[in-house]
Amino acid sequence: MTNKTIFSFMLFFIIPVIAHAADDKFKWTATDTALQVVFLATLDVDRAQTVYGSKHHFEEVGFARSFIGPHPSSGRVNGYFATCAVLHTTVAYVLPKPYRTIWQSFFIGVETSSIRHNVNAGISVRF
């Protein structure tokens, strides 16, 4: 890769970040942090339940199955959920208000529903 290509690539990403930081509708607030913490907590409970389920021969159902398979290893589960945490946080950061709040709240609901489904299926969680 040439220096010109690297510079162009960096410019492609740096300019939107600078513009992003200057606009009030993109400012990250304490509410955004609280919602993201709640999302990450529910995501971690779902991760722990999925690890438990994989160790106790529960078959993975739902969205994650297409990425981690029906009987994933703990490493595969942890990698998947770490990727989800990073991607979700990144998208939340770049979304403007009110879409950020909608994004975070929607996925808190998705994770809460997954946790409830797992509990009803007999999957417990231990930290």
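## Salt bridges, briefly

A salt bridge here is a side-chain nitrogen of Lys or Arg within 4 Å of a carboxyl oxygen of Asp or Glu. By that rule, the structure holds four of them.

This is a predicted model, where local features need pLDDT of at least 70 and side-chain atom pairs count only at pLDDT 80 or more, while totals for chains, interfaces and linings use all residues. Side-chain values use heavy atoms, leaving out hydrogens and water, and residues are numbered from 1 along each chain as its sequence is written.

## Asp32 and its two partners

Asp32 pairs up with Arg100 in a salt bridge, 2.8 Å from N to O. Asp32 sits in helix α2 and Arg100 in helix α5, so this pair ties together parts 68 residues apart in sequence.

Lys97 is in the loop between α4 (74-94) and α5 (99-120), 65 residues away from Asp32. Asp32 has 0% relative accessibility, whereas Lys97 comes in at 27% and counts as partly exposed.

## Arg65 and Glu59

Another salt bridge joins Arg65 and Glu59, at 2.4 Å from N to O. Arg65 is partly exposed at 33% relative accessible area, and Glu59 is partly exposed too, at 45%.

As for shared partners, salt bridges join Asp32, Lys97 and Arg100 into one network.

How values were computed:
Helices (H or I, at least four residues) and strands (E, at least two) are DSSP runs, numbered from the N terminus. Buried means under 20% relative accessible area, exposed over 50%, partly exposed in between (1.4 Å probe, protein chains only).
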